Amino acid sequence: MQAPPVLVEGLVVKYGSFIAVDNVSFTVGRGEIYGLLGPNGAGKTSTLKVLTGLLKPASGRIEVFGRPLSDEVAVKRMMGYVPEEVILMDSLTPREFLEFVASIRRLNRDMIGMRLEKLVSAFQLREYFDTPIAALSKGNRQKVAIVAALMHEPQLLILDEPLIGLDAFSSRILKELLTHHVSKGGAVIFSTHIMEVAERLCTRVGIINRGRMVGEGTVEGLRKLVKSAEGSLEEIFLRVTEQESGVQEMVKALEA
Amino acid sequence: MNPSEIWRLSRKVYREIVFQSYFSLRAGGTLPQGGDAVKGIAALVRSVEVNSMFSKIIMAFFIGFMGVFTFSSGVLLEMDRELAAVYGVSSMLSIVLFMMVFMGLQVATSFVSSRVAEFLTPLPVSSRDVSKILLACFVRIFDIPLIAALLIVPLAYGVSYCSIPGSLTVLLGVVITEVFALTIAVFLALSFYSKVVRGGGGSAWRMLMRLFYMLIWVIPMFLMYMVTSFAIQMVSLMKALTQSLSYLLILLYPFSLGFLASLTTFLNIDNPGIVALSVGSFLIYLALAAYSFKWLIREVVGIGFESLAAATRTEVKEVSINPGPPWLGIVKKDLRMASRSPSYFSVLVMPVLQTIILSFSLSSLYSDASRFSTGFLPFPLLLLFSTSLLMVLLLPPVLLNTESTAYSYVGSLPLRKRTLILAKTILSTTVYLTSILVLVLITMVRAPGLVSVLALLGGISTFSVVASIMVETLLLLRTFGQAIPSGNIYLRFHAYIIPLIFGFIVAAIPILVYFIMLLLSASSILSIISLTVVSILEFLMAILLLVRKSLACF
């Protein structure tokens, strides 16, 4: 049996004495888009950072395509990552930055030529290809990070709030690319606050609240879990994170 | 808004600008996160404030020290008093000018590039008050050194020459100089930001333009370095200049102000021509300072309302890239970043420029070179060679720091620490070899007999230099991980000191062995053999250390 693209068991992440992620477990299978949902500060970004090797977990078993995270170089070669806060090398141009990333990934010109051409055109970066990243808007920086993550055709894509800052056109392109990526057997794990996107795009979702996984499965499965046949993912989300009544109270308080 | 409120608000804005200049806040990758983040960031902010205050106090102290030292220096005491006043004031004004420009450049660039007005303008504060806050903030950048120069330089002059009119003239000279210094700093910062940061990659012409602006930006740093290193030589130089071109120099800043100070001190009006020229040129400089001041105020208050970082849109025809091996990718990236960052660029070229400056300015370097034509180096030259070698060891912390600024992305790449160390070692060694090549070329002109031994020493020492850079980089990575401390290396020396000491030891051992063997055996061949053996041994050990240690991703 093939190892799943992502296997997380009993993940714990600590910042000093603060537990950011508490015993979280989930798997992402081939051909799946897995959405990680949760309120601000729930532990989504920490979980994704552990997967990309940016954070060291306090404990837990994490494997990417059957390889442990300690096999860092091999694991990182298989993945593409778009961070939540896109902090690239400001003084470089997108061309220079992508060349740097391609060098580290040991890609050669012929291997990526056509793909890069298509990605740059799709994300409308041609106009800014030789402009320093410092002078780009947030959305255009996001596009540079997305192109860098997709350039080497990774098997696993890890995207932290990838749609924030993107225009409608690029947002649509990215969603189509993700669907195409999983149709070829790849896997995607991404965090988002946009419930409609998660509902439409994700094969399965995991809801994290205060560092704990409070619900996981398909949207249909979660509807059954919260006993709501019609509820949208937003309602499910508010219910499993126990924020539904809080929303009403807050609105009343604000109106008063 | 009353002035005290504006001054109080400007403190917050000033802190933000200083923080950005030291830590590139937007880069964020190395800032503490999670549970203890608040404490950690608060500690960083405090440390930045202390550092900036410390650097301002050091600068003020240095201006004060130079003021007292210049006016009472031996060279001046031996001269005619009237001329001594001219030379002393001219030298001192040059020192104030270069130091202010040097100190102001880094923070002024952050001031220009920061978008402080972006969070001030949406607040219920009038645009006039936003301008005032920005102006107050700008004054805060320079406050202590400005006041120190205004107080100490005229006072030191007044005490040395017992003249109140002379002292007041010097005070006016310092005011004019400070206006010029601030104008130059802001002008360079604006040019740097608009031409270098916004100017994209692409054509060779743009690359040349970037290099040109970078050199303009870096020159004041090295002038200041020369000024502080050779203050007394400068007085002698000015003396030599004025003797040959005295009438012409009366018209030139800062000599015109020096002549005027001398005139008002000694009230010597025997030569009406000199008096007329001196007063006339002073009035011209005063008018120029007034104009510069107006320009400065207009630019400083306008900074917040102009978008300096507007992206230029030029559709590119082809989007191909040329990736190479990972180490080459890192080296190319470092050079590109250096071509757009003056502080980074200056650190890279410092070993080479220092070699050039010292080779030409130290008169003793080649003074008795003819006695050393049989395989030995004169001691000053050996010392300069060793300094060039050790200066290169300041590069690894700066080079590593560039990786940590975007760690939140770079950390996800399959980049091995070993590759990183290799890339930084190659770049640092290239800088070392360039500075040695420059020293050899200068020696070829000034003392051809010493070229072969110098080239041999430089070549052999490459092994120990490579070893020391590897050891230092490895220790830096072990000590800090990905969070290499940002900011000015000299202000955060304590953080780097242990790896630096180890690097220095590795680099110094072969030179010491060479020197001891030279003293004990008086045989150049034996000394060079010892140097070769120790250097190669160190090199092999460093390679072994790098290969054997389990080094995962950066």
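Which strands does helix H1 (residues 44–51) of chain A lie across? I found H1(A) across E3, E6, E7 (156–160), E8 (187–191) and E9 of chain A, running at about 150° to E7(A). Angles run from 0 to 180 degrees between N-to-C directions, with axes fitted to C-alpha atoms, for helices over the stretch in contact; contact means heavy atoms within 4.5 Å. I then checked helix H6 (residues 168–183) of chain A, which packs on the sheet, touches E3, E7 and E8 of chain A, and makes about 145° with the direction of E8(A).

For provenance, I note that this is a predicted model, in which local features need pLDDT of at least 70, side-chain atom pairs count only at pLDDT 80 or more, and totals for chains, interfaces and linings use all residues. Residues are numbered from 1 along each chain as written, chains are lettered from A and ligands numbered from 1 in the order written, and side-chain values use heavy atoms, without hydrogens and water.

I read the strand order of the open, mixed sheet of 6 strands in chain A as E6-E7-E8-E3-E9-E10. E6 (79–82) and E10 (212–217) of chain A each have a single partner strand, so one side of each lacks a neighbour in the sheet. The twist averages 15° from one strand to the next.

Helices (H or I, at least four residues) and strands (E, at least two) are DSSP runs numbered from the N terminus; strands pair if DSSP finds at least two bridges between them.

I looked up E3 (residues 33–37) and E9 (residues 204–209) of chain A, which pair in the parallel sense over 4 bridges. Leu36(A) stands opposite Gly206(A) in E9(A).
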